[in-house]
Amino acid sequence: MPKPLESQVANIKAQLYSQSWLEAPDDYGDFPTNGDRFTAMELSKRKDVKGFTRKGLICQAIAAGWHHKSPEQLKELADKVGRQRIQVLHGTVDNMITVPHGEVLARELGEDQGVTKIIVEGRGHVLHFEEEKLYRGWLEKMVEKTENLG
């Protein structure tokens, strides 16, 4: 039986974001809290019947649930891309993918061979929202680093 919309949105918030970020004043000042802004964005998304389809949601859930890369596949990826061009970011309160998964990913990609790993204390799954300024800095630094690699 489908859950009521309010429960669905509350569950998504709890899975994706840290409670401290959700409760903090809205980063843009349009809503009382970041959590209120997320709720408004989620409701707006769900009103878009062409963009937010049941089929799309199911496909996303399947991809997230069954996505797997072997150590061999990760090594091959890192060999092809170049370890200096790979960055693994993870929040310590990520309720979608736990920190040990981020640690394994960084290790298997070659953290000891140039892969950058950043673990962010007290943050969730959506670091580019929760730490927008820091995220922009990490991204700029990575772009600069890779541009210098040639």
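## Largest pocket

Helix H4 gives the most to the lining of the largest pocket, with seven residues. The model is predicted. H4 spans 54-66. Other elements also supply at least two lining residues each: helix H1 (5-16), helix H3 (34-47), helix H5 (71-81), strand E1 (87-91) and helix H6 (99-109).

The pocket has a volume of about 1600 Å³. By class, the lining holds 19 nonpolar, 13 polar and seven charged residues.

## Packing of H5 and H6

Two packed helices are described by the angle between their axes and the distance between the axes. For H5 and H6, the angle is about 60 degrees and the axes are 8 Å apart. The two helices are therefore oblique to each other.

On the H5 side, the contact is made by Pro-71, Leu-74, Lys-75, Leu-77 and Ala-78. H6 brings Leu-105, Glu-108 and Leu-109. Six of the contact residues are nonpolar and two are charged; no polar residue takes part. Both helices also supply at least two residues each to the lining of the largest pocket.

## Arg-46

Arg-46 is found in helix H3, another of the elements that line the largest pocket. The side chains of Arg-46 and Glu-42 are joined by a polar contact of 2.9 Å.

Leaving aside residues up to four places away in sequence, Arg-46 touches Leu-5, Gln-8, Ile-12 and Phe-52.

Methods. Residues numbered from 1 in each chain as written. Predicted model: local features only at pLDDT ≥ 70, side-chain atom pairs only at ≥ 80, totals over all residues. Heavy atoms only, no water. 1 Å grid on protein atoms, 1.4 Å probe; cavity = no way out; pocket = protein on both sides within 12 Å on 5 of 7 lines; lining within 4 Å. Points joined across faces, edges and corners; volume = space filled by probe spheres on them. Helix = DSSP H or I, 4+ residues; strand = E, 2+ residues; numbered from the N terminus. Nonpolar A, V, L, I, M, F, W, Y, C, P; charged D, E, K, R; others polar. Axes fitted to C-alpha atoms, helices over the stretch in contact; angles between N-to-C directions. Parallel < 35°, antiparallel > 145°, perpendicular 65-115°, else oblique. Contact = heavy atoms within 4.5 Å. Polar contact = N/O pair within 3.5 Å; in protein donor to acceptor, adjacent residues only side chain to side chain.
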